[in-house]
Amino acid sequence: MGDRLAFRVLGAVSATVDGQPVPTGGARQRTVLALLLVNPGRTVPVDALVEAVWNGSPPATARTQIAIVVARLRKALKAAGVEEDVVVTASPGYVLRLDDPLCVDAAAFAALVEEAGAAAGQRRYERAAARYAEAFALWTGPAFDGVVARAAEDEAARLEERRRGAHDEFTAVRLALGEHQSLVPELAALVREEPLRERPRRHLMLALYRSGRRAEALASYREGRERSVAELGVEPGPALRSLHEELLREEPTELPRSGLYPSPRELPPDPPGFVGRDDELDRLDALFAQDGPALGLVTGTAGVGKTGLAVRWAHRAAAHFPDGLLFADLRGYDEEPEPVRATDVIGRFLRALGVRPEQLPPEEEELVALYRSVLAGRRVLLVLDNVRGHERLAPLLPGGGGSAVLVTSREPLPELVAWPPRARVHLGVLPPAEAVGLLAVIAGEDRVAGAPEDAARLAELCDRLPLALRVAAARLASKPHWTVGHLVRRLADEHRRLDELSRDGARVRAGFEVSYRCLSREAARLYRGLGLLDVPDFTAWVAGALLGVGAPEGERLVEDLVDARFLDVVGADATGRLRYRLPNLLRLHAREQARAEESAEEQRAMLEQVFGVYVLLAEEAYRREYGSDGEVVRHAATPSRAVPAASSRGLDTETREALLAVPLQWLEAERLALVAVVVQAAGLGLAEAAWRITAAASVLFDTRNYPDDCQVCARAALAACEETGDRRGLAAMLHELGAVEQAHRRLDAAHAYYARALELCEELGEDRGRARNLRNLAMIERFRGDLGSAVRRLDSARELGHAAADRQGEALALGGLAQIALERGEDAHALALAEEAVRLGAGNARGLAQALHRLGQAHLACGAYGVAEEVFARVVELVWAKEDRVGLVYASLGLGESLLGAHEVERAAQTLSDALVEVAHIRDPLVDGRVHLALAEARHRQGRLAEARDQLVAAQAAFALTGARGWLARTEAVRARLEAEGGVGRVPGP
């Protein structure tokens with residue numbers, strides 16, 4: 001794809017295939033494409049696209065319109081010959097997936113500039129100039145020209161700043177090549193445009209002097225100084241002042257002054273096999289773009305590659321620091337009790353910079369003063385590795401001048417102010433492709449390329465942590481008879497993974513243990529507890545629940561672990577709360593520590609405590625969403641030990657209210673964690689916690705269409721209930737599995753699950769559970785055409801709901817009866833039943849939406865199209881607010897059919913087209929077929945006969961998947977009618 005498809009953002013946003021332009025449509029389509037190009041490979045939420053396109057004032061159909069824009073963009077790319085999926089749906093939005101990142105001109109520009117900088121650092125100026133020229137040729141105008149969106153404008157500003165910095169470096173290369181005369185007019189114009197930028201002025205002064213125009217060079221300095229003092233109130237920076245002094249002495253070299261004092265080069269070797277980290281290296285480049293002192297900070301967990309990044313960048317930036325490159329490992333995280341003293345490092349640095357040993361003062365204060373005096377007139381790079389604590393670092397910082405300091409630490413060092421700010425870099429694990437690339441560099445390209453799936457799995461088992469990857473790759477390199485898959489199998493065993501990565505002097509475990517010993521007692525216990533918990537990520541309340549200390553204290557301890565680089569910050573979830581993740585290798589280490597320091601009873605108590613809080617929150621979210629707890633099968637009068645302990649400790653009322661302000665948002669944010677908790681609780685025999693969470697989370701699984709998650713949870717909980725003899729849990733989970741089968745239209749399997757659940761509910765005297773299963777059995781029997789049996793079951797369900805004062809359950813039964821009345825042609829009776837269902841179901845939004853939908857169908861059947869339209873529009877509002885995609889498709893279908901009945905064909909076609917976009921996300925062939933069928937009618941009325949025929953073919957195919965004979969018959973009837981009316985042509989059978 002990378003050789004054929006290309007995107008431009010360095011100018012007007014555009015796309016080409018084989019050099020031929022791809023139509024990118026109007027402003028909206030270009031804005032959406034621009035935001036995807038700002039974040040290639042990362043998901044851009046639909047909400048962000050809506051905000052960008054409409055600038056905070058979106059229409060009600062904004063999300064649908066975004067989906068249409070994306071569909072048109074995909075269509076344009078396909079039409080241009082791009083076979084791969086480039087714009088991919090990825091919740092909660094879309095992601096631009098590119099096989100070759102360099103097909104975006106901004107990425108190609110950055111790569112060329114990096115290559116040019118590396119060549120300049122090796123004094124290969126001709127090659128550097130060629131690469132710079134090639135990079136600047138990519139620019140055809142201002143970045144993201146014509147796109148009005150905050151994210152694109154911010155990225156354009158960043159790219160422009162990068163362009164300006166690269167232009168300065170290009171100018172320095174051209175000066176080194178002797179192009180000073182040709183540069184004078186160009187630099188003079190640039191200085192007139194930006195008179196306060198010192199690097200262009202410095203270059204102009206040097207070019208003027210080398211062109212024999214010393215007086216003009218000095219005049220340029222005077223002009224710049226006057227402007228700086230008048231407009232900024234500061235003198236020019238040291239580099240500009242230094243050049244001015246050299247001009248006065250007529251000694252403007254701009255080269256290392258090796259004749260005056262030593263220029264030490266003490267960096268360790270450039271790390272072999274270094275892969276990736278392009279963005280981080282680019283951010284550190286800001287250090288040599290400074291006219292004054294600069295300070296960078298690289299932080300990250302043990303083994304993440306901080307030292308490697310710092311050394312790689314230092315080699316890359318060496319040409320910018322002609323007066324020396326100094327390196328010191330302060331050993332802040334070694335197993336030795338005391339780190340290296342700052343005074344010892346200062347003494348070594350001073351000797352390297354030409355100060356004789358006998359000139360070093362014995363007192364620390366005088367030594368630091370001498371150190372800063374020596375650095376004041378020089379441009380030196382100081383790399384300070386493994387710094388622990390600001391107090392050990394402070395004496396090593398220069399007092400001013402043009403030197404730069406690059407610090408690495410496992411701690412955030414909040415007292416340290418990085419300057420410029422973008423030079424503060426937090427290093428995470430490698431992206432998947434770069435992690436595999438590191439394996440290939442060390443273990444062998446052919447070996448890794450021959451087993452791509454095993455290589456990807458090996459990278460994940462190593463947590464994509466560079467140290468672990470290097471250890472694993474080195475083991476492969478040392479054992480040519482091992483396959484990649486063999487090492488994968490060895491590391492797959494969690495009990496031996498850290499052992500495998502800590503052999504023969506490898507320090508993966510040792511690195512973790514040194515940091516672990518630095519934690520406070522409470523933070524260490526939280527770390528151990530998190531190691532026991534199998535959730536993929538979590539928020540701070542989980543920490544409070546694990547330790548029983550409440551959310552505020554839990555958050556404090558979580559942030560302690562973040563500062564110590566034991567936890568990664570994943571980002572904010574749908575509720576606006578930060579989510580954290582314990583990387584897998586650290587999880588294994590934490591679990592080892594838990595088993596070594598906590599008894600089995602203490603470990604289980606922590607898990608029971610947090611599982612109980614999950615139960616409490618999930619059930620409260622369910623109650624708030626439904627207005628009551630009526631749908632959940634009631635748990636035992638004496639619950640298991642895992643559940644009640646949670647309600648009294650680990651979660652305060654204020655936190656609970658904040659979490660559940662929007663119940664579905666909390667459930668969505670915790671979805672993957674809830675699934676993991678259910679599976680873990682079930683595996684530990686905590687059946688009640690497992691099934692109660694599953695039953696409560698069903699409102700999310702149903703509303704947001706997550707049948708696979710529901711199946712995983714229900715099966716795990718069912719097995720635990722069978723093992724422990726929890727019959728209420730069995731009934732609840734059989735019902736959930738029935739719902740999963742029904743969602744997949746496997747009606748026989750669904751009927752069997754519901755029937756078994758009904759038997760258990762009858763034995764237990766669970767009337768609400770009986771009513772719920774009766775309603776679902778009736779739905780399946782209606783699908784099968786057995787309307788008599790369905791009515792009898794619904795009548796029974798209605799009576800049970802009425803007796804139990806379960807208005808929601810009674811309303812659902814009435815809705816089912818109304819649907820059957822419609823199918824029997826009893827429209828007036830259906831209308832009366834639906835109106836009663838609306839009256840009873842008005843207690844909560846979900847129940848009201850279901851009842852109103854049935855009422856809209858009744859009005860539609862009675863020919864009251866205007867009333868039906870109003871009802872379905874109200875349903876759209878309700879389900880949109882809940883982000884209920886299934887409900888939105890059904891409501892949009894009803895609205896489209898109402899508009900068709902009222903002969904508002906254009907509006908109907910648009911509404912049904914929008915529904916077709918949404919139906920692709922819910923995997924429901926029945927409603928898919930119904931939307932296609934209605935759209936066929938709309939297209940026919942529009943005179944778009946070929947499209948009408950295509951819609952009929954799609955409807956037939958969808959209904960054939962479900963075996964819905966009734967709908968196949970309706971499709972055939974519509975086909976015959978449209979053929980009789982002319983123009984559609986024969987539609988082939990399914």
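Predicted model: local features only at pLDDT ≥ 70, side-chain atom pairs only at ≥ 80, totals over all residues.
## Aromatic pairs and an acidic patch

Phe-136 and Phe-170 are both buried.

**The aromatic side**

In total, the structure contains 10 aromatic pairs.

| Pair | Type | Centre to centre | Angle between planes |
|---|---|---|---|
| Phe-109 and Phe-136 | edge-to-face | 5.8 Å | 70° |
| Phe-136 and Phe-170 | stacked | 5.8 Å | 15° |

Where do these rings sit along the chain? Phe-109 is in helix 4 (residues 105-121) and Phe-136 is in helix 5 (residues 125-136), so their pair ties together parts that are 27 residues apart in sequence. Phe-170, in turn, is found in helix 6 (residues 150-176), so its pair with Phe-136 of helix 5 ties together parts that are 34 residues apart in sequence. Phe-109 is buried, as is Phe-136.

Which residues do ring pairs link into a cluster? The members are Phe-109, Tyr-132, Phe-136, Trp-139 and Phe-170.

**The charged surface**

Turning to the surface, you will find a patch of negative charge where Glu-363, Glu-364, Glu-365 and Glu-366 gather. One of these, Glu-365, belongs to helix 14, which covers residues 364-376. Is Glu-365 buried or exposed? With a relative accessible area of 68%, Glu-365 is exposed, because exposed residues are those over 50%.

Methods: Residues numbered from 1 in each chain as written. Heavy atoms only, no water. Patch = residues over 30% accessible without salt bridge, like charges linked within 9 Å, V, L, I, M, F, W, Y side chains within 5 Å. Areas by Shrake-Rupley, 256 points an atom, 1.4 Å probe, with all protein chains shown as cover. Salt bridge = Lys/Arg side-chain N within 4 Å of Asp/Glu carboxyl O. Lys, Arg positive; Asp, Glu negative; His and termini not counted. Charge placed at Lys NZ, Arg CZ, Asp CG, Glu CD. Helix = DSSP H or I, 4+ residues; strand = E, 2+ residues; numbered from the N terminus. Buried < 20%, exposed > 50% of the residue type's maximum accessible area, 1.4 Å probe, protein only. Phe/Tyr/Trp six-rings, centres within 6.5 Å; stacked < 30°, edge-to-face > 60°.
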